[in-house]
Amino acid sequence: MAVNVDVQGLTQRFGRTTVLDGLDLRVGTGVFGLLGPNGAGKTTLLRTLATIVAPKAGRLRLLGHDPGRDHERRLLRRRLGYLPQHLGYYPNFTVFEFVEYFALLKEMPNDEVRPAVARAVARVGLEERGRAKLKTLSGGMLRRVGIAQAIVNEPDLLLLDEPTAGLDPEQRVIFRALLREIGVDATVIVSTHLVEDVAAACTEVALLNAGRIAFRGTPEELTTLGEGHAVGDSPLERGYSRALAGARS
Amino acid sequence: MRLVWLFLRSRLAGPALAGIALTALLAVAWERWFGHEPEAMTAAMILFPLVVACVIGTGAHSAFGETELTASLSLPLLRGVYLAGLIAVGALALLLAALAWTLPDDGGTLARNLAGLSGLALLAAPVVGGRLSWIVPVTLAMAAQLLAISDLPSWLALTWPQASFDNDRALALALGLLGSGLAAVHVFGPKVARDEAAG
Amino acid sequence: MTATMRLFTIEARRSVALWFFPLMALVACWYADSRMSPIGVSLWRHNSAQIGETLILLAPLMGGVAAWAAGRDRRRGVSDLLATTPLPAARRQLSGWGGTLVWGIAAYLVAGAFIVMVTLRANAWGTPSLAPVIIGLLTIVAASAIGYLVGSLIPSRLAPPLVPVALFLSIGLLNSGWFHDDSVTLLSPWTLIDRQLFQNPEAVFYEPAPLHPLPMSLWLVGLTGLALAGVVLARRRGVAVWSGLACSAVVAATGAALLLNAYDDVFQFGVPWERAELVPYTPVCVERSIPVCAHPAFESLLDEQADRIDLLIEPLRWLPGAPARAEQLPYASGMYADGTLTIDPISSGVEMAALALVQAPVEPGPGWNLQMHVQPEQAVIARWLARRVDAASFEQWDIMLHDPVSGGTIRDPIQNEIDAAAARFSALDSDTQRRWLEENYVNLREGLLSLEDLP
């Protein structure tokens with residue numbers, strides 16, 4: 001299996017606060033869940049992988065490219081999809097325009113842009129609202145627009161930060177299916193607080209605590225870890241609590 | 001008091017006051033540089049109130065967006081008091097700056113223009129939002145300035161900032177604009193874009 | 001359509017400047033319309049310059065709107081998402097700038113089209129001048145680039161309103177000559193374009209002050225380049241960007257240096273008017289009791305003015321020294337010994353012609369001030385003549401005297417006596433008036449009479 005994300009000794013600091021502390025991570029194709037408490041460093045890890053911030057220390061190779069080099073970073077970004085935790089948007093753009101705008105920014109071949117936009121919008125179930133301005137959409141629909149822009153270039157590395165926040169149960173189910181579909185050929189890293197998403201969509205999961213990986217395995221392994229542990233409403237939540245407690249002790 | 005303090009912080013009152021103080025200092029410097037030129041001093045009568053009015057207009061920005069509409073305490077009242085306070089501080093700063101000037105009625109004209117231009121900005125805020133409210137007073141001020149230096153036909157609705165302080169109709173118009181602006185912001189509030197970040 | 005064009009199209013369609021386009025177009029048209037024909041006729045050179053002059057409103061407004069547009073990504077919280085895209089930020093920002101600028105240019109073109117339409121309908125004289133139009137356009141482009149730079153670099157909410165204020169001040173300040181060194185005012189495009197405008201009818205006879213379109217264009221293009229290089233530098237530094245910045249600086253500096261050197265060329269040009277170069281022309285004439293001629297620019301006013309001149313000279317027609325011809329000349333200074341009465345084809349020109357008719361012949365050429373040399377008894381007859389043509393303007397017309405204290409002119413202190421004498425003369429029957437003129441016209445013109453000699 002190709003290693004699409006290869007992180008060694010990754011450190012990120014903001015002022016005196018160390019957010020990621022010598023983190024090592026190797027991820028291949030599939031859907032990789034990233035769990036962890038607030039402030040664990042999940043968003044910072046995703047922003048680093050998305051090439052928004054350069055690492056303070058450590059080595060990073062993404063899709064075989066070194067994002068520290070201008071030329072390689074540009075090649076990498078063409079194959080990257082990213083949904084930030086707080087999606088900013090232009091309220092006067094229509095759904096189609098917003099997704100097309102990012103398709104163009106991702107330097108997709110000119111003749112592929114229009115069909116790719118239509119496909120991405122259809123995959124998130126917004127084809128009937130394609131000409132609606134973003135300011136008229138509900139929060140859940142905006143989230144789906146964000147997902148559409150992330151997948152419009154059919155990325156090989158898809159980074160999603162809290163993608164299901166605001167989605168209704170029906171849409172969450174559809175979205176998880178979409179993740180599984182994309183994860184067949186690409187590496188999808190999903191940061192989430194919802195363990196149901198991990199259980200339903202992820203092939204692998206890591207628990208991040210205080211900038212380090214406290215657990216890594218399959219969702220089943222995390223479930224097993226929680227057996228006999230009382231904190232949590234579901235087996236996976238109990239596994240999460242157990243792994244976190246172990247990391248903190 | 002704590003609420004007032006936090007409210008002021010949310011409106012970036014500190015930078016607004018600093019902006020007003022800096023404008024007043026520039027007004028003093030202006031007289032030093034261009035005091036010999038009557039046209040420059042006439043322009044200053046509009047220029048400095050305009051800058052302060054822009055600061056006041058942007059102060060009408062709704063920092064918390066729609067959340068503000070849900071507060072049980074009357075935020076519109078707090079906002080109105082804040083804006084009135086900014087106008088008072090702005091007028092005071094300009095009046096102090098005008099003490100360094102030599103032309104008659106400087107202070108009165110500056111204060112009248114501040115009132116009218118601020119009123120225009122506040123009237124624009126419910127339509128285009130606080131942060132873009134400057135567009136109306138800036139456009140009017142430019143038109144008034146051009147009317148002053150050319151032979152264009154002059155309508156009081158456009159030229160009131162150029163009128164002398166003893167022009168009662170210009171004064172009434174400026175005060176009317178201020179009253180309408182404050183009322184508009186109080187009743188309708190500034191336009192809120194739900195996606196806009198504060199600041 | 002290329003990707004860049006498509007990006008630009010989306011930006012233009014959704015630009016905030018689109019909302020300001022009607023306001024900008026309206027303000028520019030209003031401003032242009034109110035300054036279109038200050039000397040009573042429509043002239044292509046004046047109206048071409050007027051298109052360029054709309055920059056005084058459009059450039060600052062575009063600067064402010066561009067500054068606002070430049071802060072969009074930061075305001076909307078899209079910066080993170082944009083940072084992950086491979087298209088160079090510079091190209092993205094230039095698309096955003098272009099999408100904003102296009103509406104400023106559209107407003108400028110609307111104002112220009114409006115002026116052209118009005119000028120065509122007015123059957124204007126002369127030929128259009130492209131240079132001021134281009135300078136106006138380049139100024140709007142430069143102002144929007146400067147605004148975009150400020151909006152990109154300064155995240156403060158106060159940046160967008162301060163940009164138009166600063167730009168308006170810069171253009172206005174540089175135009176007003178408030179500086180001890182006037183040559184700096186030439187850096188304002190408004191200064192140069194303003195000197196292309198017609199402030200008085202005499203200007204049609206002369207070449208305009210040089211506009212220096214090339215140095216001004218270099219200066220504006222250089223400023224635009226500097227601002228855009230600044231926008232790009234904030235995101236990306238490289239040899240190409242630094243080279244662009246350096247080239248822009250050289251271009252701007254070259255333009256500025258050439259402009260600053262043009263001081264004498266511009267400010268001493270046509271001061272006084274008669275020092276400027278006369279443009280050859282063939283006068284247009286109409287026949288009344290005498291031929292009445294004017295510069296072709298004033299052809300549309302000639303018929304009406306000829307009727308007024310005809311009426312004006314009617315009581316003097318058979319007298320010795322009466323005018324044999326009336327003509328608009330570069331300097332409307334009086335009546336010449338050959339019987340040529342200089343006229344001004346605009347409506348108030350009748351009063352000056354009346355003054356010329358009661359004074360002694362003057363040497364052809366400039367420098368004679370009819371109002372300052374008129375004697376009280378001459379003023380009485382001039383008033384009577386003018387009242388026969390247009391009582392309304394006659395009532396507003398005072399005899400002015402030279403004021404040695406101020407160096408200017410003051411209202412004649414015996415104005416009331418002149419008014420009373422003119423009223424007395426007007427009340428006489430026409431035979432008495434004619435007889436008095438037959439006996440006294442020559443002496444009146446030579447200044448040999450006094451108020452007491454009037455009936």
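Residues are numbered from 1 along each chain as its sequence is written, and chains are lettered from A and ligands numbered from 1 in the order in which they are written.

**Chain B**

- Chain B has eight helices and zero strands, where helices (H or I, at least four residues) and strands (E, at least two) are DSSP runs numbered from the N terminus.
- Of the 199 residues of chain B, 45% count as buried, a residue being buried if 20 or more other C-beta atoms, placed from the backbone, lie within 10 Å of its own, exposed if 12 or fewer, and partly exposed in between.
- Among contacts in chain B between residues at least 6 apart in sequence, 76% join residues at least 24 apart, a contact meaning that the C-beta atoms of two residues, placed from the backbone, lie within 7 Å.

**Helix H6 of chain B**

- The 14 residues of H6(B), residues 135–148, should span 20 Å at 1.5 Å a residue, and this agrees with its end C-alpha atoms, which are 20 Å apart; the expected span is 1.5 Å times one less than the number of residues.
- Twelve of the 14 residues of H6(B) are buried, among them B:Ile135, B:Val138, B:Leu140, B:Met142 and B:Gln145.

**Confidence in chain B**

- The mean pLDDT of chain B is 82, and 82% of its residues reach 70 or more, pLDDT being the predictor's confidence in each residue, from 0 to 100.
- Over residues 195–199 of chain B pLDDT stays under 50, and the model has 13 contacts for them beyond four places in sequence.
- Where pLDDT is low, the predicted coordinates should not be read in detail.

**Nonpolar cores**

- The largest nonpolar core has 185 residues, of which B:Leu50, B:Leu94, B:Leu114, B:Ala121, C:Ala28, C:Leu58 and C:Ala353 touch the most other members; such a core is a set of buried Ala, Val, Leu, Ile, Met, Phe, Trp, Tyr and Cys residues joined through C-beta atoms within 7 Å.
- Helix H8 of chain C (residues 131–153) gives this core its largest share, 14 residues.
- Apart from this core lies another, of 87 residues, including A:Leu25 and A:Val195.

**Contact between chains A and C**

- This contact takes 25 residues from chain A and 18 residues from chain C.
- On the side of chain A that touches chain C, the largest share, six residues, comes from H3(A).

Technical notes
This is a predicted model: local features need pLDDT of at least 70, side-chain atom pairs count only at pLDDT 80 or more; totals for chains, interfaces and linings use all residues.
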